[in-house]
Amino acid sequence: MSPIVHLNDYFPIRGHYEHVGGRNLGGFVRRIGLAMSVAAVVIGTFVGAASASASPLPVRFSGLDAVNYLVTHPDAPPPGANDWSCRPSPAHPRPVVLVHGTQANMTIDWFTLAPMLKNAGFCVFAFNFGVQATIRIGGVIDVVGGTAPIEDSARELAAFVDRVRTATGAPEVDIVGHSQGGSMPRYYLSYLGGNRVVNTFVGVEPTNHGTDAGGLLSDWLLGPIAQRLGDDPAVTPLLDALTLRSSVQQVQGSAYVHEINDRAPHGGVDPNVRYVVIASATDTTVTPTSSMFLTGPNVTNILLQSGCPLALDDHQGVLYGRYAMGVVLHELDPAVPTPSCSLSLPYIGG
């Protein structure tokens with residue numbers, strides 16, 4: 001049994017994470033077939049079709065498989081996402097919107113989590129935002145998203161959430177975001193009305209208070225230079241051309257970081273929204289680890305290594321970690337058992 005330790009209240013959530021998928025109808029079909037042998041062919045065909053439609057999607061905890069999927073399915077939604085005919089069930093009334101990170105896209109970031117959520121019964125949606133460049137190598141299209149000004153990306157998120165709500169009929173959604181996707185929605189929640197339509201926001205390795213990049217961008221070294229560049233109107237066109245605008249905005253102490261924390265209503269933690277922060281102590285991109293966490297009565301901060309010392313997830317690999325993604329699923333649906341601790345390696349996941 002591997003508890004998840006919530007840093008803000010130190011109580012363990014007990015249970016094990018197991019595979020979540022469709023029901024096994026085999027025994028049921030056999031019993032019906034024996035009881036109604038006259039209609040065996042008809043019933044077998046009908047139930048077989050129903051079983052096939054309910055078959056769980058494969059879930060692969062591998063960064064290498066994610067790269068392969070990106071190559072073979074360029075510019076495609078991750079498995080299980082963007083079924084616009086999906087209608088939320090009473091058990092999962094809120095669709096889940098997945099928000100990728102900087103210089104990334106929905107295809108590679110949500111390769112593992114999207115089918116997990118779909119198998120668990122959620123309506124799942126993902127999109128690319130802040131796209132300033134598209135790399136084409138042969139027949140492969142790699143959308144480089146999350147590089148535009150973060151405020152503009154937050155407006156794209158607002159429009160996408162409205163589209164999801166209209167399509168599904170759901171009054172509210174939950175959001176799961178990674179890195180920039182774990183902090184950009186806070187602008188949406190604080191300034192663009194997202195607090196009225198978002199119930200739970202899960203940030204995985206979020207840049208909530210900016211990063212000092214392992215001390216390289218600390219306040220006493222290159223940090224002030226990066227902050228000034230990011231706030232200088234004369235320089236921002238160059239940053240946009242180099243697709244670096246959002247990266248500079250996520251430097252510790254930047255104007256944007258102040259905007260979503262110090263200047264935002266309620267310190268950027270809206271009382272109408274439940275916030276969950278999932279952080280890895282072995283992340284070397286968003287540093288220090290404490291910069292990811294938020295403060296408030298409606299905040300749950302989770303350090304992965306407190307519940308699973310074998311979770312050696314780095315910034316990208318966390319998205320393919322069995323334990324880390326199991327924690328996300330549990331936080332969205334507490335009825336799903338918490339995950340067992342298992343080894344997860346940087347980038348590779350597992």
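## Exercises on aromatic contacts and strand pairing

The charged end of R163 lies over the ring of W84, at 3.9 Å from the ring centre. The model used in these exercises is predicted.

**Exercise 1.** Find the aromatic cluster to which W84 belongs and name its members.

Solution. Start from W84, the residue whose ring sits under the charged end of R163. W84 forms one aromatic cluster with F125, F127, F129 and F160.

**Exercise 2.** State how many aromatic pairs the whole structure holds, then classify the pair Y69 and F111 and say which parts of the chain this pair ties together.

Solution. Step one: a search of the whole structure gives 8 aromatic pairs. Step two: the ring centres of Y69 and F111 are 5.5 Å apart and the planes meet at 45 degrees, so this pair is tilted. Step three: Y69 belongs to helix 3 (residues 63-72), while F111 is in the loop between helix 4 (106-109) and helix 5 (113-119), so the pair links parts 42 residues apart in sequence. Step four: take the cut-off for buried, under 20% relative accessible area. Y69 has 11% and is therefore buried; F111, at 1%, is buried as well.

**Exercise 3.** Classify the aromatic pair F201 and Y275, and place each residue in its strand.

Solution. The centres of F201 and Y275 are 6.3 Å apart and the planes are at 70 degrees, which makes the pair edge-to-face. F201 is in strand 8 and Y275 in strand 9, so the pair ties together parts that are 74 residues apart in sequence. F201 is buried at 3% relative accessibility, and Y275 is buried at 1%.

**Exercise 4.** Work out which strands pair with strand 9, in what sense, and which residues are the bridge partners of V277.

Solution. Strand 8 (residues 198-204) runs parallel to strand 9, joined by 5 bridges. Strand 10 (residues 299-303) also pairs with strand 9 in the parallel sense, over 5 bridges. V277 in strand 9 is the bridge partner of G203, and the bridge partner of V277 in strand 10 is N301.

Definitions and conventions. Residues numbered from 1 in each chain as written. Predicted model: local features only at pLDDT ≥ 70, side-chain atom pairs only at ≥ 80, totals over all residues. Heavy atoms only, no water. Pairing = 2+ DSSP bridges. Helix = DSSP H or I, 4+ residues; strand = E, 2+ residues; numbered from the N terminus. Phe/Tyr/Trp six-rings, centres within 6.5 Å; stacked < 30°, edge-to-face > 60°. Buried < 20%, exposed > 50% of the residue type's maximum accessible area, 1.4 Å probe, protein only. Lys NZ or Arg CZ within 6 Å of the ring centre and 35° of its normal.
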